[in-house]
Amino acid sequence: MAMETALLNCSVEEVIQLLKGLLKKQGYEIKAIDLDETIVLAYRDGKWFSQKQTVLFEISTLDDAHTRVDVTAMIEGNEKSKEAEEVLEEKMVTSLYQFRA
């Protein structure tokens, strides 16, 4: 399973709020937020021609003002899921940077 990483100039709490807004805007539902493990798990049901997508965000503190977000995507029922998952991870990282700006 591949993974993409985003480095953000904000706290873990700010990242979680950022993810809540971004995921809602993109039509994802948050399945779980674990503050002890600092993870956010979100999914979007497949409709018509799309498959169910699950995205895991693992958040790590680098210092007081910098946070690392590792993004792992899983797409069900896609023969080329590895490539599609990598594209989804890249899109999520790009969206994080754009939504933060």
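**Helix packing and selected residues**

Reply: In this predicted model, the residues Leu-18, Leu-19, Gly-21, Leu-22, Leu-23 and Lys-25 of H1 are in contact with Met-92, Ser-95, Leu-96, Phe-99 and Arg-100 of H2.

Me: At what angle do the axes of H1 and H2 cross, and within what distance do they come?

Reply: The axes of H1 and H2 cross at roughly 115° and come within 10 Å.

Me: Let us take H1 by itself. What span should helix H1 have, and how far apart are its end C-alpha atoms?

Reply: Helix H1 covers residues 12–25, which is 14 residues, and at 1.5 Å a residue these should span 20 Å. The end C-alpha atoms of H1 are 20 Å apart, which agrees.

Me: Which residues of H1 are buried?

Reply: The buried residues of H1 are Val-12, Val-15, Ile-16, Leu-18, Leu-19, Leu-22 and Leu-23. Around the axis they cover an arc of only 160°, which puts them on the same side of H1.

Me: What is exposed on the face of H1 turned away from its buried side?

Reply: That face of H1 carries the exposed residues Glu-13, Lys-24 and Lys-25.

Me: What covers the buried residues of H1?

Reply: The cover over the buried residues of H1 includes strands E1 (4–8), E2 (29–34), E3 (39–44), E4 (53–63) and E5 (66–75), together with helix H2 (81–100).

Me: Which residue takes a positive phi just after H1?

Reply: Gly-27 does, with a phi of about 85°. Thr-38 also has a positive phi, of about 50°, although Thr-38 is not a glycine.

Me: Where is Thr-38, and is it buried or exposed?

Reply: Thr-38 sits in the loop between E2 and E3. Its relative accessible area is 19%, so Thr-38 counts as buried, the cut-off being under 20%.

Me: Which residues of H2 are buried?

Reply: They are Ser-81, Glu-85, Leu-88, Glu-89, Met-92, Val-93, Ser-95 and Leu-96. Seen down the axis of H2, these buried residues fall within an arc of 160°, so they line one face of the helix. On the other side of H2, Lys-91 and Gln-98 are exposed.

Me: What covers the buried residues of H2?

Reply: E1, H1, E4 and E5 are included in what covers them.

Me: A change of topic: where does Ile-39 lie, and what does it touch?

Reply: Ile-39 lies in strand E3. Not counting residues up to four places away in sequence, Ile-39 touches Ala-32, Ile-33, Asp-34, Leu-56, Phe-57 and Glu-58. With a relative accessible area of 25%, Ile-39 is partly exposed. The C-alpha atoms of Ile-39 and Ile-59 are separated by 5.9 Å, although the two are 20 residues apart along the chain.

Me: Lastly, how far apart are Met-74 and Leu-88 in space?

Reply: Met-74 and Leu-88 are 8.8 Å apart, C-alpha to C-alpha, and 14 residues apart in sequence. Met-74 lies in strand E5, and at 29% relative accessibility Met-74 counts as partly exposed.

Conventions:
Residues are numbered from 1 along each chain as its sequence is written. This is a predicted model: local features need pLDDT of at least 70, side-chain atom pairs count only at pLDDT 80 or more; totals for chains, interfaces and linings use all residues. Side-chain values use heavy atoms; hydrogens and water are left out. Helices (H or I, at least four residues) and strands (E, at least two) are DSSP runs, numbered from the N terminus. The expected span of a helix is 1.5 Å times one less than its number of residues. Buried means under 20% relative accessible area, exposed over 50%, partly exposed in between (1.4 Å probe, protein chains only). The arc is that of the directions from the helix axis to the C-beta atoms. Contact means heavy atoms within 4.5 Å. Axes are lines fitted to C-alpha atoms, for helices over the stretch in contact, and angles run from 0 to 180 degrees between N-to-C directions.
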